[in-house]
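Colleague: Hi! Could you walk me through this model while I have it open on my screen?

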Amino acid sequence: MRIDLCTLVVEDYDPAIAFFTEALGFELIEDTPATTNDGRPKRWVVVRPPGAQTGLLLARADGTEQTEVIGSQTAGRVGFFLQVDDFDAAFHRMVSCGVEFVTAPRQEPYGRVAVFRDIAGNRWDLLGRA
């Protein structure tokens, strides 16, 4: 048993795909036309870190309720954790791509960490090994 996907509500597909593939280095696994339950067009867009099993389903907000959660899916808490092998290289690449870091890198007992926001405004931990 495993978790296959987690949904991340975004404003639009293409800027979200660009952020995750270019700034974070994720792979675009799938981008397939689909329809909503009531027949309107949408896309099934999945990204994930190279070699990972669990991915993110990038879901364009559909309606007011979904639009209101963009950027606050975890109520302002860090809700996503990106573990990297080379913290410094990942941090500097992300900064050069314009990723907004809300904390400076710091050392914790579990490793190096810095908090950043994704394209929607959700908070993530960038994590490096101790």
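This is a predicted model: local features need pLDDT of at least 70, side-chain atom pairs count only at pLDDT 80 or more; totals for chains, interfaces and linings use all residues.

Colleague: Which residues of α3 are buried?

Modeller: The helix spans residues 87-96, and its buried residues are Phe87, Ala90, Phe91 and Met94. Looking down the axis of α3, those buried residues fall within an arc of 100 degrees, so they line one face of the helix.

Colleague: Which exposed residues are on the face turned away from the buried side of α3?

Modeller: That face carries His92 and Ser96, both exposed.

Colleague: Then what covers the buried residues of α3?

Modeller: The cover includes the helix α1 (13-23). It also includes the strands β5 (78-84), β6 (100-101), β8 (111-117) and β9 (123-128).

Colleague: Now the core. Which residues touch the most other members of the largest nonpolar core?

Modeller: Phe20, Leu58, Phe116 and Leu126 do, in a core of 27 residues. At least two residues of this core come from each of β1, α1, β3, β4, β5, α3, β8 and β9. The most come from α1, which gives six.

Colleague: Leucine 126 is on that list. What is leucine 126 in contact with?

Modeller: Setting aside neighbours within four places in sequence, leucine 126 is in contact with Phe87, Ala90, Phe91 and Met94, among others.

Colleague: Changing topic: in what order do the strands of the open sheet run?

Modeller: There are four strands, ordered β1-β4-β3-β2, with mixed pairing. At the edges stand β1 (5-10) and β2 (27-35), each with a single partner strand, so one side of each has no neighbour in the sheet. From one strand to the next, the twist averages 25 degrees.

Colleague: Is the pairing of β1 and β4 parallel or antiparallel?

Modeller: Parallel, over six bridges, with β4 covering residues 55-60. As an example, valine 9 has alanine 59 in β4 as its bridge partner.

Colleague: And how do β3 and β4 pair?

Modeller: They are antiparallel, with three bridges. Here valine 46 is partnered by leucine 57 of β4. Six residues lie between the strands of this hairpin, and glycine 51 in the hairpin has a positive phi near 80 degrees.

Colleague: Where does α1 lie?

Modeller: Helix α1 lies across β1, β2, β3 (41-48) and β4, and runs at about 5 degrees to β3.

Colleague: One last thing: where is glutamine 73, and what does glutamine 73 touch?

Modeller: Glutamine 73 is in the loop between α2 (64-69) and β5. Not counting residues up to four places away in sequence, glutamine 73 touches Thr7, Leu8, Val9 and Asn122. Its side chain reaches the backbone nitrogen of valine 9 at 2.4 Å.

Colleague: How far apart are glutamine 73 and asparagine 122?

Modeller: They are 49 residues apart in sequence, and 6.9 Å apart in space from C-alpha to C-alpha.

Colleague: Why does glutamine 73 count as partly exposed?

Modeller: Because its relative accessibility is 28%, and partly exposed covers what lies between the under 20% of buried and the over 50% of exposed.

Note on methods
Residues are numbered from 1 along each chain as its sequence is written. Side-chain values use heavy atoms; hydrogens and water are left out. Buried means under 20% relative accessible area, exposed over 50%, partly exposed in between (1.4 Å probe, protein chains only). The arc is that of the directions from the helix axis to the C-beta atoms. Contact means heavy atoms within 4.5 Å. Two strands pair if DSSP finds at least two bridges between them. Axes are lines fitted to C-alpha atoms, for helices over the stretch in contact, and angles run from 0 to 180 degrees between N-to-C directions. A nonpolar core is a set of buried Ala, Val, Leu, Ile, Met, Phe, Trp, Tyr and Cys residues joined through side-chain atoms within 4.5 Å. A polar contact is a pair of N or O atoms within 3.5 Å; within protein, one must be able to donate a hydrogen and the other to accept it, and residues adjacent in sequence count only if both atoms are side-chain atoms.
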